[in-house]
Amino acid sequence: VITLKAFFEEARAGRLTGIRCGQCGELAIPPKEFCPACQERAWEPVPLQGNGTIASFTVIRVPPRGRAAEAPYAVAVVRLDEGVSLLGRIVDIPLDTLKVGLRVRFRPLVYDNQTVIGFAPAV
Amino acid sequence: MKRVAVIGVGVTKFGKHERSTAELFAEAALDAIRDAGVSPRAIQAIYFGNVVGGEGERQLHMGPQVASVLGIPAVPTTRFETACATSHAAFRHAVMELAAGVSDVLLVGGAERVLNLPTDAATEYFAFASDAAFEQPAGLTFAGVFALMARAHMTKYGTTEEQMAHVAVKNHRHGVLNPKAQFQKEITLEQVLASPKIADPLKLYDCCPFTDGAAAVVLASEEVARKSRRPIWILSSAAASDSMCLHDKKDLSRILATERAAQAAYRQAGRGPEDVDVVELHDCFTIAEIMATEGLGFFEPGTGGIAAEKGWTSLGGKLPVNPSGGLKAKGHPIGATGAAQIAEIVTQLRGEAGPRQVDGARVGLVHTLGGNAATVLVSLLSSE
């Protein structure tokens, strides 16, 4: 089992780690004890390359407290090439060029010393 | 399981209030107790819902506080929290206590107060109901959560911003007929489409407002309910969940928790969507109403937007949805919303909804969604 702490420590170093169920093959983002598809507990860590396409996105124009300086900014759900989705902040992509299907690449971000999943233009 | 009925309802005016959350709840509870025609001494427990009292009023442990303000301090209480579905969850658990024969009369409901807070603080507190590791740090707001689902629905089905705007126009039209509603004014399609963007593709008038308010219902066993003025019977009350994180949900264009809760509620009641005459559902954003009408089985997946556009969900349409004005126009005091929806359906099934009455309504459905679509409750009520 991969803890949130371990997942984000790895992510901060540029490495994304998924977990694959040894019983049914379900690929998931940690942390999870039982497999949400088959409820077995047979996880194996799987390195994720961080390449994917935007499945959906939004541009946040009314942000929560403390985020005013960053707005407007985009948040997207990205379908990684391995077949699992990950939510993150979009960086370095003009907001008016965002579209579903756009190729992006994982980039770790740090805000207030907290690691945040980010996605930047595909290289 | 024993039969259970709603025998009294009470809802405060929705909008801005200067009183504490507990005082607001007591006002709604007083109305519900009077409507039920029972003595406050008859109440054996309080199932109370509140979400951001800890953040907004530095007040946790609100259960005994509301009992104290009501003047029944010895009554056992429990506070529930399932984000925006809070008081519907409280309702379901109270129904189970009565159905099990443990008690005869219970007070259920919720209250919320957020208009004492700056908008950015309220936006932050509401976002606490999304995931703290993945979603909040990315800057996702609740409008953002539903914007991501809206974009997925638009991409898959071709749902348009105009169709979403029709939901807002319709619910504002209904809200005019509800004296308790926060907004009692009509808006036009053009106003919705021209309103400022909040989280693309959602605009200001796609979003429900921040609201203060409270709602309460008195629930009773069959024996007590038979002696009351106008009992409304609970056919079923079901809950379901889906993965907490949006990225773990299998399809952002569907709300699986709604589908699961609806299937359970229909099965328990022995009824189907075709039996429902009137609906109060969770339109926290216009897309949420469209997706709920699909998930509840009223319209095929992908056609909820067409239903809104054609007026099928309007008062006078084939299935009136949110005659109260919905969260959009009536307002959304998050901890009170489920109980307020139940109160509206009870009022409709009693035939006491005045100008917004759905003629001949006998079976009503209540749908309440919590947080990032991870919690849903569905209950079916009947006048018979």
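Reader: What do the buried residues of helix α1 of chain B pack against?

Author: The buried residues of α1(B) pack against β1 (4–11), β2 (46–49), α2 (53–57), α3 (62–70), β4 (105–112) and β7 (213–221) of chain B, where contact means heavy atoms within 4.5 Å. This is a predicted model, in which local features need pLDDT of at least 70 and side-chain atom pairs count only at pLDDT 80 or more, while totals for chains, interfaces and linings use all residues. Residues are numbered from 1 along each chain as its sequence is written, chains are lettered from A and ligands numbered from 1 in the order in which they are written, and side-chain values use heavy atoms, with hydrogens and water left out.

Reader: Why is α1 of chain B called a helix, and what span does it reach?

Author: Helices are DSSP runs of H or I with at least four residues, strands are runs of E with at least two, and both are numbered from the N terminus. Helix α1 of chain B covers residues 21–36, which is 16 residues, and it reaches 22 Å from its first C-alpha to its last, close to the 22 Å expected at 1.5 Å a residue; that expectation is 1.5 Å times one less than the number of residues. Just after α1(B), B:Gly37 takes a positive phi of about 70 degrees.

Reader: How many aromatic pairs does a search of the whole structure find, and why is the pair of B:Phe25 and B:Phe48 called edge-to-face?

Author: The search finds nine aromatic pairs over all chains. The rings of B:Phe25 and B:Phe48 lie 4.9 Å centre to centre, with 75 degrees between the planes. Rings of Phe, Tyr and Trp (its six-membered ring) pair if their centres lie within 6.5 Å, and planes under 30 degrees apart count as stacked, over 60 as edge-to-face and the rest as tilted, so these two rings form an edge-to-face pair. The pair links distant parts of the chain, with B:Phe25 in helix α1 and B:Phe48 in strand β2 of chain B, 23 residues apart.

Reader: What makes B:Phe126 count as buried or exposed?

Author: Buried means under 20% relative accessible area, exposed over 50%, and partly exposed in between (1.4 Å probe, protein chains only). B:Phe126 has 13% relative accessibility and therefore counts as buried, whereas B:Phe210, at 23%, counts as partly exposed.

Reader: What makes the charged end of B:Arg151 sit over the ring of A:Phe57?

Author: A charge sits over a ring if NZ of Lys or CZ of Arg is within 6 Å of the ring centre and within 35 degrees of the ring normal. The charged end of B:Arg151 lies 3.7 Å from the centre of the A:Phe57 ring, and that of B:Lys185 sits over the ring of B:Phe183, 5.9 Å from its centre.
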